[in-house]
Amino acid sequence: MPVPASGAVVEVAAGVVFHGGRVLLSRRRAADHLGGLWEFPGGKLEPGEGAAECLRRELREELAIEVTVEEELLSLEHAYPERRVRLHFLRCRWTGGVPRALGCQAFAWVRPEELDRYPFPPADARLLALLQEHPEWWGPTPSEPG
């Protein structure tokens with residue numbers, strides 16, 4: 001894929017959706033850029049769209065869920081050989097809908113100790129480190145059924 005004209009940066013909103021001591025991940029479709037890798041679900045901002053608005057739209061389209069966007073956890077720029085992206089990782093609370101893989105290959109609810117089992121794009125490395133450093137972000141873990 002060609003580099004965007006004049007080095008344009010692609011703005012992307014990604015949701016860090018916590019629920020019950022787990023975080024929601026989605027797997028990119030094989031034919032997509034970075035296909036097969038796991039990521040924090042989201043997508044590209046449309047012209048005139050803010051990151052929170054984009055994220056609510058993308059999570060509806062990709063996973064059929066509703067979220068409340070709470071805060072930005074991290075914003076960073078990353079250069080891939082074929083494009084530059086500015087990622088806005090937003091902490092979200094799941095408020096409705098049952099997740100379904102509509103715009104992704106699969107999804108998973110993952111505990112902190114399971115994150116290293118999932119291959120992520122290089123741009124997610126800083127957020128993954130922050131998630132390990134901040135166990136309080138994950139909230140309470142429900143007790144396992146007996």
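This is a guided tour of a predicted model, stop by stop, for use with a viewer.

**Before you start**

Residues are numbered from 1 along each chain as its sequence is written. Local features need pLDDT of at least 70, side-chain atom pairs count only at pLDDT 80 or more, totals for chains, interfaces and linings use all residues, and side-chain values use heavy atoms, with hydrogens and water left out.

**Stop 1: colour by confidence**

Colour by pLDDT, the predictor's confidence in each residue, from 0 to 100. The protein has a mean pLDDT of 88. A value of 70 or more is reached by 91% of its residues. Now select residues 1-6. Their pLDDT stays under 50. The model has 7 contacts (heavy atoms within 4.5 Å) beyond four places in sequence for this stretch. Where pLDDT is low, the predicted coordinates should not be read in detail.

**Stop 2: the largest pocket**

A pocket here is an open set of points on a 1 Å grid over the protein atoms alone, where a 1.4 Å probe fits, with protein on both sides within 12 Å along at least five of seven lines. Lining residues have an atom within 4 Å of a point. Grid points are joined across faces, edges and corners, and the volume is the space filled by probe spheres set on the points.

The volume of the largest pocket is about 510 Å³. Select Val12, Arg28, Glu39, Gly42 and Gly43: of the 26 lining residues, these are the closest to the centre. Next show β1 (9-19), β4 (42-44), α1 (51-63) and β6 (84-96), the elements that each give two or more residues to the lining. Helices (H or I, at least four residues) and strands (E, at least two) are DSSP runs, numbered from the N terminus.

What is the lining made of: how many nonpolar, polar and charged residues? There are 12 nonpolar, 4 polar and 10 charged. In this count Ala, Val, Leu, Ile, Met, Phe, Trp, Tyr, Cys and Pro are nonpolar, Asp, Glu, Lys and Arg are charged, and the others, Gly among them, are polar.

**Stop 3**

Select Glu58, in helix α1. Is Glu58 buried or exposed? Glu58 counts as buried because its relative accessible area is 11%; buried means under 20%, exposed over 50%, partly exposed in between (1.4 Å probe, protein chains only). Leaving out residues up to four places away in sequence, Glu58 touches Gly42, Gly43, Lys44 and Leu63.

Move to Ala64, in the loop between α1 and β5 (66-79). Check its phi: near 60°, a positive value in a residue other than glycine. Ala64 counts as buried, at 18% relative accessibility.

**Stop 4: strand β6**

Select His88, in strand β6. His88 is buried, with a relative accessible area of 12%. Show its side-chain polar contacts: pairs of N or O atoms within 3.5 Å, where within protein one must be able to donate a hydrogen and the other to accept it, and residues adjacent in sequence count only if both atoms are side-chain atoms. One of 2.7 Å joins His88 to the side chain of Glu11. Another, of 3.3 Å, joins His88 to the side chain of Ser75. Beyond four places in sequence, the residues that His88 touches include Val12, Ala51, Glu72 and Leu74.

Arg84 lies in strand β6 too. Arg84 is partly exposed, at 32%. Its side chain makes a polar contact of 3.0 Å with that of Glu77.

**Stop 5**

Select Leu25, in strand β2. Its relative accessible area is 0%, so Leu25 is buried. Outside four places in sequence, its contacts include Trp38, Phe40, Phe107, Leu115, Tyr118 and Phe120.

Then take Arg27, in strand β2 (residues 22-27). Arg27 is partly exposed, at 29%. A polar atom of its side chain lies 2.8 Å from the backbone oxygen of Gly36. Among its contacts beyond four places in sequence are Leu37, Trp38, Cys104 and Gln105.

Finish at Leu34, in the loop between β2 and β3 (38-39). Leu34 is partly exposed, at 25% relative accessibility. Beyond four places in sequence, Leu34 is in contact with Arg28, Tyr80 and Pro121. Draw the C-alpha distance from Leu34 to Phe120: 8.9 Å, for residues 86 apart along the chain.
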